[in-house]
Each structure stands twice: as structure tokens, then as C-alpha cells.
Amino acid sequence: MLRYPPGSLVILTGLPGAGKTTLLQRLYGLHGAESLPVTMGRVVVIDSVQSRHHWDGRLPWAPTPVRRAVVFATHVSRIRQALLLGHSVVAHNRGCSTYVLRGFAWLARRHRVSFHLLLLDTPPQVALAGQQARGRVVAPRTFARHQRRWRSLVARVRDGDPAPASGAQIVDRTQADLVAAIVFDGVHATGIRPGAGNDSPPQ
């Protein structure tokens, strides 16, 4: 079980195809066809695929970069709205660039909530297999860029630096399968220990 303070923003990130959406579907009973965030009590679950479904077929005139920008802007707007309403938020985000993570950190500070990273760490070949299974494969050059950014982020977290988040947890696929729930109950977030690797396996 992973625990965070109420009202926290938890960003679940990892390589494309790592299994982030699968994890959210298992924990929250999502069916994968949602086009809106899913609210469960005081927790809002926001997967980027929800915004993609919302815009499917609605921007046929727009080039791919424009459609991606619109989907991402919608995704971030939904996270902001959930925080504004005082909800705890678990959100999927594929990108792990410094600028994207700083943007989420700024959003959390603006709404006076804590920001945490949940990193689903999988080998590139496993992530590629996940992309093929879902029928949406990232271009090789783009995937290579994701890998470089991911290696850098994971290395920093393992060295004890979760910045710009206030805490970070790394789980592999086996550990992710053991996560029974993500709860926001006032307990201090499970974070990294300076100088150590990732935290103890989730319970």
C-alpha cells in the first residue's frame, strides 16, 4: 500500500508502455475507455488517455504536434481543476522531462499541496513489448529520448534527490503488481531515503 497526505498530487510516470495505465486500471477499476477523470470519494484519477479519448476525431484538420499539445493541455487543466476543488490526485504522465516535472511542482505549490512522484521502472524491452501489445508504438527517436530522460531521473532519485517533487518512490513491475492501494490518509508519504536506492517494496 502506498500512502500520501490528503490533497497530494501524485504523478505516476515511466517509459511509454511501462504499464502505468494498467496499474491505474487495476487499482481503480477503470475500463480504459473513459474520456473524463474518474472521481472516487476525495480522490481523482486522471490518465492522459482520458484526454486523448476526449479529443479523438475532433481535430481531424490539425497536425499531430498540435493534437498532442491540445491533449496535454487538457490533461494538465484537469489536474489543476481537481487540485482547485481540494481533491487528492493520482495522475498518469508519460513525459518525465525536467520542464514537465517542474510544471507539476509549480502547480502543486500554487495550490499548496505536496507533490510526489511514483516511478514505474521497467526495462526498455519490456516497455516496447507493452507498446506493441496496446497497438501504439512510439517512434524510435522519441523512445530513445524518453529513455535518456528516464535514466537521468531514476539515477537522481536513487541518489536521494526527488526534486522537483517532495518525495519519490520507485517500483518495478513485480512490486507494482503487489500494490494493493494508493491511499491519502494523513500519513507522511513514503519517500526516498538519502543515499539509498528505492524504498522498501510496497505493501
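Modeller: With a definition. Helices (H or I, at least four residues) and strands (E, at least two) are DSSP runs, numbered from the N terminus. This is a predicted model, where local features need pLDDT of at least 70, side-chain atom pairs count only at pLDDT 80 or more, and totals for chains, interfaces and linings use all residues. Residues are numbered from 1 along each chain as its sequence is written, and side-chain values use heavy atoms, without hydrogens and water.

Biologist: How do I read a pocket?

Modeller: Rolling a probe the size of a water molecule over the atoms shows where empty space is left. Here a pocket is an open set of points on a 1 Å grid over the protein atoms alone, where a 1.4 Å probe fits, with protein on both sides within 12 Å along at least five of seven lines. Lining residues have an atom within 4 Å of a point. Points are joined across faces, edges and corners, and the volume is the space filled by probe spheres set on them. The largest pocket holds about 1,500 Å³. Its lining counts 49 residues, and Ser 48, Arg 52, Arg 94, Arg 134 and Arg 136 come closest to the centre.

Biologist: Which helix gives the largest share of that lining?

Modeller: H3, with 7 residues. Helices that each supply at least two residues include H1 (20-28), H2 (48-55) and H3 (64-84).

Biologist: And the lining by class?

Modeller: Count Ala, Val, Leu, Ile, Met, Phe, Trp, Tyr, Cys and Pro as nonpolar, Asp, Glu, Lys and Arg as charged, and the others, Gly among them, as polar. The lining then has 18 nonpolar, 16 polar and 15 charged residues.

Biologist: In what order do the strands of the sheet run?

Modeller: Two strands pair if DSSP finds at least two bridges between them. The order is E3-E4-E5-E2-E6-E7, in an open sheet of 6 strands with mixed pairing. E3 (38-40) and E7 (167-171) are at the edges with a single partner strand each, so one side of each lacks a neighbour in the sheet. On average, neighbouring strands are turned by 20 degrees against each other, direction ignored.

Biologist: What joins E2 to its partners?

Modeller: E2 runs parallel to E5 (residues 88-92), with 4 bridges. There, Leu 12 faces His 92. With E6 the pairing is also parallel, over 6 bridges. Thr 13 has Leu 119 as its bridge partner in E6.

Biologist: Is E2 buried or exposed?

Modeller: Buried means under 20% relative accessible area, exposed over 50%, partly exposed in between (1.4 Å probe, protein chains only). In E2, 6 of 6 residues are buried. Leu 9, Ile 11 and Thr 13 lie on one side, Val 10, Leu 12 and Gly 14 on the other.

Biologist: Take one residue. What touches Val 10?

Modeller: Contact means heavy atoms within 4.5 Å. Leaving aside neighbours within four places in sequence, Val 10 contacts Tyr 4, Val 89, Val 90, Ala 91, His 116, Leu 118 and Phe 184. Val 10 counts as buried because its relative accessibility is 0%.

Biologist: Show me a contrasting residue.

Modeller: Thr 174, in helix H7. Thr 174 is exposed, because its relative accessible area is 57%. Its C-alpha atom lies 9.7 Å from that of Thr 122, 52 residues apart along the chain.

Biologist: Which residues of H2 are buried?

Modeller: Ser 48, Val 49, Gln 50 and Ser 51. Their cover includes E3, E4 (43-46), H3 and E5. Just after H2, Gly 57 has a positive phi of about 75 degrees.

Conventions. Axes fitted to C-alpha atoms, helices over the stretch in contact; angles between N-to-C directions.
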